[in-house]
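Reader: I'm new to this one and a bit lost. Could you pick one part, walk me through it slowly, and then show me what else there is to see?

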Amino acid sequence: MDQRAPIATLSGVTKIYGTGETQVNALEDADLSVYPGEILLIEGPSGSGKTTLISILGLLLRPTRGDVFVRGERVTALPQRELPPIRAGTFGFIFQGFNLFPALTAEENVAIAIKMKDPRVKHANAEARRLLVAVGLENRMHHKPGDLSGGQKQRVAIARALGGNPPIIIGDEPTAALDTKTALGVMALLRELASVQGRAVVVVTHDPRLEKFADRVARVEDGRVVSVHEVDHTKAA
Ligand code: ADP
Ligand code: MG
């Protein structure tokens, strides 16, 4: 896997929140690369720096020190105003709480996200329907979030993250609110997106049961990436 070019890389990334007595060293000298077609799990205790790490990777947050590279370009060298289009064209985000608009249908939720990423898009609703079919929601396009199950809502959120075809999907505990069967279904879908479409999928999780879907696991402890290992799928779980 490592012979391939990474699509995004963190190099020596440190994040310090606040100053003085309230200062928190959330991340220290983190190195991590993400490769096309892989599922990379980010595991570690609560407060260890996982959300900070993926927020910096996804260009939602600037590191205090260190660099972020996207397709080989050092984006930390760019001015802030140049980041939103790079972020929109590179990353799709899936959150634990779905973050869907309750008054909008599944189709509208996905379409509005597509338009926000690129206001010039002509056929956002048709694209939204295509993505909802891809996540298995062809019969739920016109339902509002309140009429969908947790797993269906998370599928809408995945369809939304896929809007604009970003090469990297980032999930922050996307299965935490789901029961086991639904969580495994969501992971199987993400596995397919990685394997079939070559997307990189980076998922923060507490749940070791998700490892069977992953190619690699990065372990974060106390602000440090303490290990990155490939998952051995020949061993029984
Ligand atoms: P995790 O996602 O692994 O639970 P986080 O990245 O959210 O960890 O947090 C890492 C550390 O940074 C924690 O000590 C947390 O309290 C702190 N932290 C996170 N965000 C902020 C913030 N905006 N301001 C101050 N401290 C923060
Ligand atoms: Mg977190």
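Author: Let's take the open sheet and the helix across it, then move on to the cores and the charged side chains.

A bit of housekeeping comes before that. This is a predicted model, so local features need pLDDT of at least 70 and side-chain atom pairs count only at pLDDT 80 or more, while totals for chains, interfaces and linings use all residues. Residues are numbered from 1 along each chain as its sequence is written, chains are lettered from A and ligands numbered from 1 in the order in which they are written, and side-chain values use heavy atoms, with hydrogens and water left out.

Now the sheet. It's an open one of 4 strands, in the order β2-β1-β4-β5, with antiparallel pairing. Strands here are DSSP runs of E with at least two residues, helices are runs of H or I with at least four, and both are numbered from the N terminus. Two strands pair if DSSP finds at least two bridges between them. At the edges stand β2 and β5 (73-74), each with a single partner strand, so one side of each has no neighbour in the sheet.

Look at β1 (residues 8-17) next. It is largely enclosed by the rest of the structure, because 8 of its 10 residues are buried. "Buried" means under 20% relative accessible area, "exposed" means over 50%, and "partly exposed" is in between, using a 1.4 Å probe and protein chains only.

Across β1, β2 and β4 lies helix α1, running at about 125° to β1. That angle is between N-to-C directions on a scale from 0 to 180 degrees, with axes being lines fitted to C-alpha atoms, for helices over the stretch in contact. Contact, here and below, means heavy atoms within 4.5 Å. Helix α1 (residues 50-57) is mostly covered, with 7 of its 8 residues buried, including K50, L53 and I56. After the helix comes L59, with a positive phi near 60°.

I56 turns up again in a core of 30 residues that also includes V202, V204 and V220. A nonpolar core is a set of buried Ala, Val, Leu, Ile, Met, Phe, Trp, Tyr and Cys residues joined through side-chain atoms within 4.5 Å. The largest core is a separate one of 39 residues, where L132, I158 and L190 touch the most other members. At least two residues each come from β3 (39-43), α3 (106-117), α4 (124-134), α5 (150-162), α6 (180-197) and β8 (200-204). The largest share, 7 residues, is from α6. If you zoom in on L132, you'll find that among the residues it touches are V110, M141 and A159, leaving out residues up to four places away in sequence.

Now for the charges. In helix α5 you'll find K153, which is buried yet has no salt bridge, as the nearest side chain of opposite charge, D147, is 9.0 Å away. Lys and Arg count as positive and Asp and Glu as negative, while His and the chain ends aren't counted. A salt bridge is a side-chain nitrogen of Lys or Arg within 4 Å of a carboxyl oxygen of Asp or Glu. Beyond its neighbours within four places in sequence, K153 is in contact with F98, L100, P145 and L148.

Across the whole structure, a search finds 10 salt bridges. One of them joins R130 and E127, with the closest N and O atoms 2.8 Å apart. Those two are 3 residues apart in helix α4, so about one helical turn separates them. R130 is partly exposed, at 43% relative accessibility.

Another joins D118 to R120, at 3.1 Å between the closest N and O atoms. Of these, D118 is partly exposed at 25%, whereas R120 is exposed at 68%. Then there's D207 with R209, at 2.9 Å between the closest N and O atoms. D207 is buried, with a relative accessible area of 16%, and R209 is partly exposed at 44%.
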